[in-house]
Amino acid sequence: MSEILRVEHLKKFFDVPAGTLHAVDDVSFTIQEGQTLGVVGESGCGKSTLGRTVLKLIEPTSGKIFFEGRDITDISKHENRELRKKMQIIFQDPFSSLNPRFCVSDLIADPLKTFGMYGKKELEERVLEIMDLVGLSRRYAYSYPHELDGGRRQRIGIGRALALDPEFIVCDEPVSALDVSIQAQILNLLQDLQDKRKLTYIFVTHDLSVVKHISTDIMVMYIGVMVEKCPAKELFARPLHPYTKGLLSAIPVPNIHHEQKRVQLQGELSSPIDPAEECRFVKRCPYATDICRCKQPTYEEVTPGHFVSCHNVREINGL
Amino acid sequence: MSLLEIRDLTIQYKTRKSVVEAVNGINLKIDEGKTLGLVGETGAGKTTTALGILGLVPNPPGVIAGGEIYFEGKDLLKAKDSEIRKIRGNKISMIFQDPMTALNPVIRVGDQIAEVIALHSGCSKSEASAKSIEMLELVGIRAERSTEYPHQFSGGMKQRVVIAMALACQPKLLIADEPTTALDVTIQAQVLEMMNDLKVRLNTSMLLITHDLGIVAETCDDVAIMYAGQIVEYGTLAHIFDNPMHPYTIGLFGSIPSLDKDVDRLTPIPGLMPDPANLPKGCNFCERCTRKCDRCAESEPEYLEVEPGHFVRCSNLNGGAENV
Amino acid sequence: MFRTKKQKEELANDLVALSKKNTRTADILSRLVRNKLGMLGMIIIAILLILVIFAPVFTDYPYDAQSFPDRFINPCWEHPLGTDNFGRDLWSRMLYGGRISLLVSLVAIIISSAVGITVGAIAGFFGGRIDNVITRILDILMAIPALLMAIAVSSALGTGPMKTALAIAISGIPYSARVMRSTVLTIKDNEYIEAAQATGSTNARTIFKHVLPNTIAPLIVSATLDIGGNIMAISGLSFIGLGVQAPTPEWGSILSAGREFLRDFPPIVIFPALFIGLTLFGFNILGDALRDALDPRLKD
């Protein structure tokens, strides 16, 4: 197994009228080939921006991105375009992410036409193959997105992402807009495709049960910073960061015998615009101490493979 | 008698070309102080049911084609418009999914709540605004924020304002349509806890519409599972969660990734919900069912009480074995 | 990609099915033809065009033949629409006048839409500084009333049908660019634009394949509405001695010249108004039908 993506101290700031918005603030991680990194967090935590920056759809403010060992942080427009063949994205909204004037086969063929791949006949064959692959019946080849339901639309989006035969895909909340029974179909499809095509995923979502199901590793983000990263099972068995603990216990569990030990988080997310030099979580943290109010915690490996950024992580967890 | 009792309610949307059977003969009952969870997927008819209770089904194209809705012993479908207007907002109020659009952006939140109170109780303006501050404090918003405008509140706080407004007249029944779907998990937990707490303190009954079985497990007393306009299973929390009988209910549980157990693959329900304008002749779930038999496609299953208080609409409860 | 024999056969069958499918253009046309109102518009415009293009076939009188004794004749067999204050046959003036009115206003629409679409699309799509500069320039141009602008351009260019068309087109550019820019801004917000770029689509390709086709509806509406305004603008220019020179007829100026005789001899106003109205009506309903036919979401 080899490393496919390495991100070092990635930052993405946006200038907004009120100041500088720290959407992604010093994030580092690596992903091994064929694995899935789940990125979870609440709305506005920068998880979608992270996904797009890693793909180089947005230029990072600083930091380095290595894809298959190559530094792709500063590449030419042409190289960036070539990179699209290897890195793709699946969008959240199966309604607005499909051009309403394109029929299914056009939508899936569009990336191939962009690169002028295949002749007319081969192109048609290829499109039908992809439709088979994502479980779209061929009779929908000339249907328009508005004629199909959310699940099928999302299959089109997945087909479009797979058309160029990429190795790495960012899934940006691909099942959030779907009903549970359809959601399960799409999750299974994504897993099957991963097995068949040796795909590597970054799976961005706010849904913790989904991320647990599909991920190898999970990274928890909070207002632009990563607060905890470790293997999926470990995170649910032994969350170390106080935010993760609160987040996990806040999920309503569909089991009436589930023992609720709720760590209720008070308050709401603070603003990501010009954040003060303090732990981003300090205002909601039940364990906050003086050091949390004057210094941002650094990211450290607390136990093997388990990274946390919290000043008091050892005291809180009795390590 | 229960606070709310719905019998054989049928609501249709009639267009030139087709008749959409949004709600198809449902029976529901909510006792005083209890919460009923109405669970189902998009298009199952949950919201139409809620609008039906409030007399707000858009007409045209919506028509209440039959049934009775008894509220405090009175049939709302036979009541005059003026009577329903008095009940709506006063004795029954509703919380919508999106708190952003439920508030008027140019009126201070305190005034918006006071307006509702003044309208229904007929008290003076100063009394109403004192009461509105009381309501805001009840939902955990400091009194001084009552002079702020909606855009100054975050999503979770806005939903609290909406809840305060809905509870302002101390309704007997609160209809909450996906009240926390637009909120983040940690905020959702806060709002749900607050709603649970208020429900007990004010002895309000609640109809909670949701697609999230986790929320149901935490807040409801009874559960109704809705599919293609029908209630396919109805019972107490224990009935539904410990002994689900309808294949659709079982399928729903199989579709949710579990936090407790490690499952490699989910077992989704295959296929899609049938087109409500073109429902099959027999059981609506037949197409997607794992234990269907010939009879399912032919005749609609009966709504049977399989144990006291536990109703299921399925002809093959024993896995279809009796049919072989 | 590996495939079994059976799969290959299926694929072949499917490919045959695909080739039988109507092409997109045929699809759009068939939808257009099925729209009754749209067909009515098409027929109206076709009749008008045939009448004006083959004007000599349909009338025996030259448009400028004056005859003093024949002034103000009511519609009769000899003069289907009557005669005007110089005794000229109104029917032939309408037909020849239509050449100028229709041609000039259509050319003006095409020019102003083409430039407006390009400028507006660039401003809306790229945003930022480019958008700022373009928008400010458009603002300045819009501060000058359109007719005044047309007068200024027209007096610089001189008279003649094509020069008039150009003058009117230039005065219309800021408006069509504005419509285009705001439409592009809303289209650009859709995720499918980002999706196109994520699949390596170049800016030009994204604009032509994904943005422009989705801006058609508001463009068609504004363009068909502008046709009427343009016909009147021509007459405005002609009135002050720019535009088309008398005695060359043109609907707008027949209408405005006839105003003073409205009370005594209504046909001189009614007929040009009727022709302008019919043109507007025809283009509007045809435009609506075209918009619907081009939108797959409205497919029956």
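**Helix α9 of chain C and its neighbours**

The buried residues of α9(C) pack against β6, α3 and α5 (150-162) of chain A, together with α8 (161-188) and α10 (203-211) of chain C. This is a predicted model, in which local features need pLDDT of at least 70, side-chain atom pairs count only at pLDDT 80 or more, and totals for chains, interfaces and linings use all residues. Residues are numbered from 1 along each chain as its sequence is written, while chains are lettered from A and ligands numbered from 1 in the order in which they are written.

Q: Why is A:K56 called buried?
A: A residue is buried if 20 or more other C-beta atoms, placed from the backbone, lie within 10 Å of its own, exposed if 12 or fewer, and partly exposed in between. A:K56 has 20 C-beta neighbours inside 10 Å, so A:K56 counts as buried.

Q: Why does A:Y118 count as partly exposed?
A: A:Y118 counts as partly exposed because it has 15 C-beta neighbours inside 10 Å. A:Y118 sits in the loop between α3 and α4 of chain A.

Q: How do you know that α9 of chain C is mostly covered?
A: Six of its eight residues are buried, among them C:Y192 and C:I193.

Q: What makes two residues count as in contact?
A: Their C-beta atoms, placed from the backbone, lie within 7 Å. The contact takes 29 residues from chain A and 22 residues from chain C.

Note on methods
Helices (H or I, at least four residues) and strands (E, at least two) are DSSP runs, numbered from the N terminus.
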